[in-house]
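Here's a quick tour of the model on your screen.

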Amino acid sequence: QVQLVETGGGLVQAGGSLRLSCAASGGTFSFSAYAMGWFRQAPGKEREFVAGVSRTGNSTNYADSVKGRFTISRDNTQNTVYLQMNSLKPEDTAVYYCAADWGSHYARAIEGVYDYWGQGTQVTVSS
């Protein structure tokens with residue numbers, strides 16, 4: 001059974017930083033065979049794509065709202081994907097989820113293509 005576990009969420013003031021981690025484990029899961037993505041869902045809103053990283057980590061993509069502030073990376077030796085979030089804004093407040101996509105080398109921004117999801121971690125940015 002594949003498990004994705006997010007950590008690193010919390011409460012931070014506007015302008016601050018947080019680093020989220022997502023550790024993958026389980027069965028015959030081969031972490032490097034999956035593109036990885038971060039999504040978020042704010043109260044009353046649909047879940048949205050935030051950032052993605054390819055299987056090898058050489059290619060990344062971001063939502064326009066976080067470009068220049070967030071950085072996604074992965075360590076295939078540790079089966080972990082990270083999201084470094086800088087210059088946080090109150091509108092970044094949401095539950096953040098990591099997800100694994102087997103079907104593509106590159107991370108896709110479409111929620112429905114992802115095969116596995118974590119349980120989410122809350123990020124709250126105060127003004």
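This chain is built from strands: the count is 0 helices and 11 strands. Keep in mind that you're looking at a predicted model. The radius of gyration is 14 Å, close to the 14 Å that the globule rule gives for 127 residues, so the chain is as compact as a globular protein of that length. Along the principal axes, its C-alpha atoms fill a box of roughly 45 × 25 × 25 Å.

How much of the chain is buried? Buried residues account for 43% of the 127. If you look at contacts between residues at least 6 apart in sequence, 60% of them join residues at least 24 apart.

Now for strand E4, which spans residues 35-41 and is mostly covered, with 6 of its 7 residues buried. Here is how E4 pairs up:

| Partner of E4 | Sense | Bridges |
|---|---|---|
| E9 (residues 94-101) | antiparallel | 7 bridges |
| E5 (residues 48-53) | antiparallel | 5 bridges |

Then go to Trp-38, which has Ala-51 as its bridge partner in E5.

What lies between E4 and E5? The two form a hairpin with 6 residues between them. In the turn, Gly-44 has a positive phi of about 80 degrees.

Note on methods:
Residues are numbered from 1 along each chain as its sequence is written. This is a predicted model: local features need pLDDT of at least 70, side-chain atom pairs count only at pLDDT 80 or more; totals for chains, interfaces and linings use all residues. Side-chain values use heavy atoms; hydrogens and water are left out. Helices (H or I, at least four residues) and strands (E, at least two) are DSSP runs, numbered from the N terminus. The radius of gyration is taken over C-alpha atoms; the globule rule is 2.2 Å times the number of residues to the power 0.38. Buried means under 20% relative accessible area, exposed over 50%, partly exposed in between (1.4 Å probe, protein chains only). Contact means heavy atoms within 4.5 Å. Two strands pair if DSSP finds at least two bridges between them.
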